[in-house]
Amino acid sequence: MDSQPDPKQNRLLGALPDDEWQRWVPQLEAVEMPLGEVLYESGSTLSHVYFPTTAIVSLLYAMENGASAEIAVVGNEGIVGISLFMGGESTTSRAVVQSAGQSFRLKAQVIKDEFKRAPVLHLMLRYTQALITQMAQTAVCNRHHSVDQQLCRWLLLSLDRLPGNELVATQEMIANMLGVRREGVTESALKLQRAGLISYARGRISVLDRPALERRSCECYAVVKKEYDRLLPNTIAV
């Protein structure tokens, strides 16, 4: 790595009380997350949990015919692999790196042992509630809202987990995430570009007018963001 990564760029790690933080630091392993890397497949037993710092991970539900749709995104606000401390050991979803970057991981047994401690228990359960809200709202959005609105929601949730206003994503990848046809994503992206909300070229999307993008999105983005802001700490614990 070119620079020393900081675990506290992840909001959950940054919120750990000092006693927990001192126990965790020696066991946290910094890892690179290249675009498209599969962290785990549906039904597999998880060996680690991941705390993204600059990467974004998509949780996908894959159908038997190969089709898939994103059910949630996890970035610097959260953890990938909640089934380990919720008692499931495995999950029906697939975890794929949506935006390349860095992360920290912790071995499965470590997080299961730590989950028995009250501060960690409360923090992880609050995060799990926020994640469930995102999953539920995504299901509603995919059923009742237009591709334009779904794309706006997806862009905003992704940007919330990145340091800048640009993300790398092909139209095919976005179509797979939303579970829609690629042509629908192309049409929606062109509408946003013509309206001056985004610039899209060579798989790079730059958001030019975020307030307008939020206004164009459905209420699903605001519901999810409000729940994350309510449940998760915004400051680093001391």
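Modeller: The largest pocket holds about 200 Å³ of space. Leu59, Ile82, Thr91, Ser93 and Met135 are the closest to its centre among the 16 residues that line it. A pocket here is an open set of points on a 1 Å grid over the protein atoms alone, where a 1.4 Å probe fits, with protein on both sides within 12 Å along at least five of seven lines; lining residues have an atom within 4 Å of a point. The volume is the space filled by probe spheres set on the points, which are joined across faces, edges and corners.

Please keep in mind that this is a predicted model: local features need pLDDT of at least 70, and side-chain atom pairs count only at pLDDT 80 or more, while totals for chains, interfaces and linings use all residues. Residues are numbered from 1 along each chain as its sequence is written, and side-chain values use heavy atoms, leaving out hydrogens and water.

The lining has 11 nonpolar, 5 polar and no charged residues. Strand 4 (56-62), strand 5 (68-74) and helix 5 each supply at least two of the lining residues; helices (H or I, at least four residues) and strands (E, at least two) are DSSP runs, numbered from the N terminus.

Helix 5 covers residues 118-144, and at 1.5 Å a residue its 27 residues should span 39 Å, which agrees with the 39 Å between its end C-alpha atoms. That expected span is 1.5 Å times one less than the number of residues. The buried residues of helix 5 include Leu123, Tyr127, Leu131 and Gln134, where buried means under 20% relative accessible area (1.4 Å probe, protein chains only).

Key
Buried means under 20% relative accessible area, exposed over 50%, partly exposed in between (1.4 Å probe, protein chains only). Ala, Val, Leu, Ile, Met, Phe, Trp, Tyr, Cys and Pro count as nonpolar, Asp, Glu, Lys and Arg as charged, and the others, Gly among them, as polar.
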